Amino acid sequence: MEILSVIVAALASYGFGAAWYMILSRRWIEASGVAVDPTTGRPRNASDPLPYITAFVGSLMVAGMMRHVFAGAGLVTTGEGILAGLGIGLFLVTPWIATFYGFANRPRALTLIDGGYATGGCGMIGLVLTLF
């Protein structure tokens with residue numbers, strides 16, 4: 001059951017990311033400076049499966065580690081799961097993103113967009129892990 005909960009949590013986080021970046025696509029494209037196809041306005045690498053595979057494997061890794069941490073900490077309620085997930089995203093992942101982007105002189109908007117995904121995605125993982 002643990003493996004299934006990790007997979008479902010990773011899928012939930014991945015789905016949250018898909019929605020997050022669809023909603024913020026224009027702003028993310030501007031902030032990231034990613035190359036776009038002039039005819040469609042979509043990122044040039046949109047048909048490359050590697051970023052999507054990497055994102056899902058990353059979600060699996062985060063969900064697996066969060067399950068391990070939750071089990072060790074005895075987190076079992078959905079409220080605990082959501083709060084811990086949001087905390088992990090906001091206070092562990094987002095500061096690293098801010099550090100990388102700060103030294104790379106990336107726009108603050110990109111830090112907020114990607115940090116928002118990290119926070120929301122971890123919150124989704126926390127919710128799903130405590131539902132199973």
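The model is predicted.

Two packed helices are described by the angle between their axes and the distance between those axes. The table gives both values for each pair.

| Helix pair | Angle between axes | Distance between axes |
|---|---|---|
| Helix 1 (residues 2-23) and helix 5 | roughly 150° | within 8 Å |
| Helix 3 (residues 49-73) and helix 5 (residues 108-131) | about 55° | 10 Å |

**Helix 1 and helix 5**

The two axes cross at roughly 150°. Angles over 145 degrees count as roughly antiparallel, so helix 1 is roughly antiparallel to helix 5. The crossing is right-handed. On the helix 1 side, the contact includes Val-6, Ala-9, Phe-16 and Trp-20. On the helix 5 side, it includes Ile-113, Gly-116, Gly-120 and Val-128. What kinds of residue make up this contact? There are 13 nonpolar, 6 polar and 1 charged.

**Helix 3 and helix 5**

Here the axes lie 10 Å apart, at an angle of about 55°. That angle makes helix 3 oblique to helix 5. Helix 3 passes helix 5 in a right-handed crossing. Helix 3 brings Ser-59, Val-62, Ala-63, Met-66, Arg-67 and Phe-70 to the contact. Helix 5 answers with Tyr-117, Cys-122, Ile-125, Gly-126, Leu-129 and Thr-130. These residues divide into 8 nonpolar, 3 polar and 1 charged.

Definitions and conventions: Residues numbered from 1 in each chain as written. Predicted model: local features only at pLDDT ≥ 70, side-chain atom pairs only at ≥ 80, totals over all residues. Heavy atoms only, no water. Axes fitted to C-alpha atoms, helices over the stretch in contact; angles between N-to-C directions. Helix = DSSP H or I, 4+ residues; strand = E, 2+ residues; numbered from the N terminus. Parallel < 35°, antiparallel > 145°, perpendicular 65-115°, else oblique. Left-handed = near helix turned anticlockwise from the far one by under 90°. Contact = heavy atoms within 4.5 Å. Nonpolar A, V, L, I, M, F, W, Y, C, P; charged D, E, K, R; others polar.
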